[in-house]
Number of protein chains: 2
Amino acid sequence: MVARYERIADELRDEILSGAHPVGSQLPSEAELAGRFSAARGTVRQAVAVLATEGLVGSRQGARRIVLGRTRSQSFAELHSFAQWARANGYRYGGRVIAQRRRPASGSEPARLGSGEVLEVLRLRSLEDEPVLLERTVYAGWVAAAVEGLPADCESVTEALYESVGLVFAYGEHLIDAVPAGAQDARLLGVRRGSPLLRQRRVTTTHEGRPVESSDDRYRAGSVAFSIRNSIGANPLVREPGDLRFER
Amino acid sequence: MVARYERIADELRDEILSGAHPVGSQLPSEAELAGRFSAARGTVRQAVAVLATEGLVGSRQGARRIVLGRTRSQSFAELHSFAQWARANGYRYGGRVIAQRRRPASGSEPARLGSGEVLEVLRLRSLEDEPVLLERTVYAGWVAAAVEGLPADCESVTEALYESVGLVFAYGEHLIDAVPAGAQDARLLGVRRGSPLLRQRRVTTTHEGRPVESSDDRYRAGSVAFSIRNSIGANPLVREPGDLRFER
DNA sequence: GAGTGGTCTAGACCACGAA
DNA sequence: TCGTGGTCTAGACCACTCT
């Protein structure tokens, strides 16, 4: 069952992407759209709210909505899953497990993932046949067995875990910064030691807030950038002081 | 005039931050909250939607909302304005203009900022008395005069332009990646050439979609990280292929 | 089956922008 | 002043979770 407002949003989005509503132009008023779709005004508002969070349109009280752009921000899944992002954008991609072992949780891990044993996995992923991403992932003990059951060249861990044990990665917290490549990073990604890498650290939980994994992902510089569209009134991202803030 | 749902959101947020609703616990149902605040259910839903976009609570159909965390994602202003971010987080900060000149728009600038003359400004900003950020900003011709009127050590350009000419930075598009420090970067930020910098490129527009500025901001590694909280159903961020993708 | 959040309606009033 | 989006109400039905 697709919601009414989703179908209205889809139709309006198509019109924007096709150029029927050019960038900079005004969208029809809520009343007009409600008439056109034979829907209540509230439903139309839900639809245009979707477009606003995608960064396609902006609004201010008293003036008509304006078309801001024609590129759409996309899903949580794409931020979380390399495979889903690559596939959605039509890239060739691959990946393989380099190393994998169980060990006791240490340091801050018990607080993040629960105490007891964890599963540590080192994965190298490629885009267009170039190695671009090195993932160091630590899985909580309760999913370790399911992860160990996956093939070494598993394309999408997220999807495989959903299909095998019904696990849903629902919430994520991400920290993005830049770090110099270490010896292992340099060897596996094919760059010089100390060269820049884009790092994404994340902790993911289930719907219930139960921690699933904690990961340190490093992208070769120039391979990938993160994109954000935002506006006054929408709050997707903040800066945070980094780990090394007062070191020299 | 503060909206009803904003006040309800504030009250619930305080309760979460104070620990009255611990992380992992369930929030009261919408019906209970509606009764407690003597508001319609729709108003309560607006309030908890605010908390959801802040990453504080998560929800699924059929189950009560769950408290996910106690740190709040914040505003567009903080992503856009270094000064506003630093002040909101209680850091000492400063900044000064290193160089500034007018020149004709070139390359892709006419498409982004409009043709004609633009104003190029190089600013160095510091946090806790350490230089951490080098901004290379290009302003559209129509704001150049206002920017030139600002003092060289202006703390917040965003706020100064609002107060002097009523200019509001309303929408932004941001690309975040890692780059090696160039000669000028290295000298001004006090790092070695080729060392990692976190780069944020952005284009900002007014409410009407009129471009204001385009900027290339580079942070010293370890000084700042970007943080995102997200969930299935919320769409703040995507990866994008970088400029150098097929270079070796 | 009871409870909960998700969707949708129909109508009202208000704050703001533009002419 | 008038049209627009922002807020709020009161009620309905549905999809889903939990037990």
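Q: How do you know which residues and atoms the values refer to?
A: This is a predicted model, in which local features need pLDDT of at least 70 and side-chain atom pairs count only at pLDDT 80 or more, whereas totals for chains, interfaces and linings use all residues. Residues are numbered from 1 along each chain as its sequence is written, chains are lettered from A and ligands numbered from 1 in the order in which they are written, and side-chain values use heavy atoms, with hydrogens and water left out.

Q: What makes the approach of Thr43(A) to DNA strand C a polar contact?
A: A polar contact is a pair of N or O atoms within 3.5 Å; within protein, one must be able to donate a hydrogen and the other to accept it, and residues adjacent in sequence count only if both atoms are side-chain atoms. An N or O atom in the side chain of Thr43(A) is 2.4 Å from a phosphate oxygen of DNA strand C, so the pair meets the distance limit. Base nitrogens of DNA strand C are also approached, at 3.2 Å by a polar side-chain atom of Arg41(A) and at 3.2 Å by a polar backbone atom of Gly62(B).

Q: Which elements give two or more residues to the surface near DNA strand C?
A: With helices (H or I, at least four residues) and strands (E, at least two) taken as DSSP runs numbered from the N terminus, these elements are helix 1 (4–17) and helix 3 (41–53) of chain A, together with helix 3 (41–53), strand 1 (57–60) and strand 2 (63–67) of chain B.

Q: What surrounds DNA strand D, and which polar atoms approach it?
A: DNA strand D is surrounded by 24 residues, the closest being Arg41(A), Arg64(A), Arg4(B), Ala40(B) and Thr43(B). Sugar and phosphate make up 73% of the atoms of DNA strand D that come within 4 Å of the protein. A polar side-chain atom of Arg41(A) lies 2.6 Å from a base nitrogen of DNA strand D, a polar backbone atom of Gly62(A) is 3.0 Å from a base nitrogen, and a polar side-chain atom of Arg65(A) lies 3.0 Å from a phosphate oxygen.

Q: Why is the pair of Trp85(A) and Tyr91(A) called tilted?
A: Rings of Phe, Tyr and Trp (its six-membered ring) pair if their centres lie within 6.5 Å, and planes under 30 degrees apart count as stacked, over 60 as edge-to-face and the rest as tilted. Over all chains the count comes to 6 aromatic pairs. The centres of Trp85(A) and Tyr91(A) are 5.6 Å apart and their planes stand at 45°, so this pair is tilted. In chain B, the rings of Trp85(B) and Tyr91(B) likewise have centres 5.6 Å apart and planes at 45°, so that pair is tilted too. Ring pairs also link Phe82(A), Trp85(A) and Tyr91(A) into a cluster.

Q: What makes Arg210(A) sit over the ring of Trp142(A)?
A: A charge sits over a ring if NZ of Lys or CZ of Arg is within 6 Å of the ring centre and within 35 degrees of the ring normal. Arg210(A) lies over the face of Trp142(A) at 4.0 Å from the ring centre, and the charged end of Arg210(B) sits over the ring of Trp142(B), 4.0 Å from its centre.

Q: Why is Glu135(A) called buried, and what does its side chain contact?
A: Glu135(A), in strand 5 (residues 130–139) of chain A, has a relative accessible area of 5% and is therefore buried. A polar contact of 3.2 Å joins its side chain to that of Arg125(A).

Technical notes:
Near = heavy atom within 4 Å. Buried < 20%, exposed > 50% of the residue type's maximum accessible area, 1.4 Å probe, protein only.
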